[in-house]
Amino acid sequence: MDVAKSGEYIGMPRNDGSEYLQRCYYCVILLALTSGMREGEIFALRWDKIKFRQQKVLIDLSLSNSRKAGLKISSTKTKRSNRVITLPEQTLSELKAWRSWQASYAKKYRGIYHNDNGLVFTNSVGRPLLTSNFLNRAYKRMLKAAGILDERITFHTLRHTHASQLLSAGVNVKVVSERMGQQDDLVCFCRATRYVIWQASRPKKNITLLCSGRIGRSADGE
C-alpha cells in the first residue's frame, strides 16, 4: 500500500488529474485487500451502496467491458454474489476522505467532470474506469515499483490474499465464502489454501510492501 499511497510509480508531473487518479487507485487497492471484492464489483461500486454508519457495503453490481456492449454496469451474476459485507474502520476512513476529495475535485472541474452514476472510482473526468487502463497504466507499475516481478501476482491475487488472511485468522470457511460471494465453500477454501501454501514459499518483503501502503498515484488520465 505504500507504493499506492505515495504514487512513486507514476513517473509524470503532478497535477490535479494525476492526483485524482493516485488517490482513487490507492483506495481501489485498499478496498480490494480488505473486502475481497471482485474487480468488476469494485469498479461498479456507487457511493450510495456504502453505509458508513453501519460500516457495511452492499454489493449487487458489476462492471464489464466487451467489444460488443462496451462498458456496462449490471447486476451481479448470482444470488450469492449479491451480498452485504462489513468493512474495517481504516478502509471506511480512507473512503470518507476520498469521497470528500472527489467532491471538491468535481466542484472545481464541474465543466469537464461528470460522474453521473455516482461511482466511487472513476477516471479523471468522471467516467467508469477501464479495467485494461487500470491494470496496464497503474497496477503493473505499482508491482514493478514494489519490486514484484512475478506475473502471477494479478489484481485477483488481492482477493485471494483477503480470503487466505481470514482463513489463517480462524474465520469459518462458510463465513469467508459468503463474504467473497463464492458459490462453493470448498472451492473458496481450496483456492485460498493453495495461495497460502504458494505464498509461504516466497520471500515476503515485496508483497508486504505492496500490501502495506505503496500503490497510489496513477499516472495517465484515461
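**Close-up 1. Cys27 and Cys24, two buried cysteines.** Cys27 has 3% relative accessibility and so counts as buried (under 20% relative accessible area; exposed is over 50%, partly exposed in between; 1.4 Å probe, protein chains only). Cys24 is buried too, at 0%. The closest cysteine sulfur to that of Cys27 belongs to Cys24, 7.5 Å away, too far for a bond. A disulfide is a pair of cysteine sulfur atoms within 2.5 Å. The whole structure contains zero disulfides.

This is a predicted model: local features need pLDDT of at least 70, side-chain atom pairs count only at pLDDT 80 or more, and totals for chains, interfaces and linings use all residues. Residues are numbered from 1 along each chain as its sequence is written, and side-chain values use heavy atoms, leaving out hydrogens and water.

**Close-up 2. Helix H2 against helix H6.** H2 spans residues 16-35 and H6 spans residues 156-168. Helices (H or I, at least four residues) and strands (E, at least two) are DSSP runs, numbered from the N terminus. The two axes come within 6 Å and cross at roughly 40°. Axes are lines fitted to C-alpha atoms, for helices over the stretch in contact; angles run from 0 to 180 degrees between N-to-C directions. H2 contributes Ile29, Ala32, Leu33, Thr34 and Ser35 to the contact (heavy atoms within 4.5 Å). H6 contributes Leu158, Thr161, His162 and Gln165. Four of the contact residues are nonpolar, five are polar and none is charged. Ala, Val, Leu, Ile, Met, Phe, Trp, Tyr, Cys and Pro count as nonpolar; Asp, Glu, Lys and Arg as charged; the others, Gly among them, as polar.

Close-up 3. Side chains alternate along S2 (residues 56-59). S1 (residues 50-51) runs antiparallel to S2, joined by two bridges. Strands pair if DSSP finds at least two bridges between them. Ile50 has Val57 as its bridge partner in S2. S1 and S2 form a hairpin with four residues between them. In the turn, Gln55 has a positive phi of about 60°. S2 also pairs with S5 (residues 83-86), antiparallel, over four bridges. There, Lys56 is partnered by Thr86.

**Close-up 4. Asn115 in the loop between H4 and H5.** The loop lies between H4 (89-108) and H5 (131-145). Asn115 counts as buried, at 18% relative accessibility. A polar atom of its side chain lies 2.9 Å from the backbone oxygen of Leu119. Beyond neighbours within four places in sequence, Asn115 is in contact with Gln102, Thr122 and Gly126.

Methods: Polar contact = N/O pair within 3.5 Å; in protein donor to acceptor, adjacent residues only side chain to side chain.
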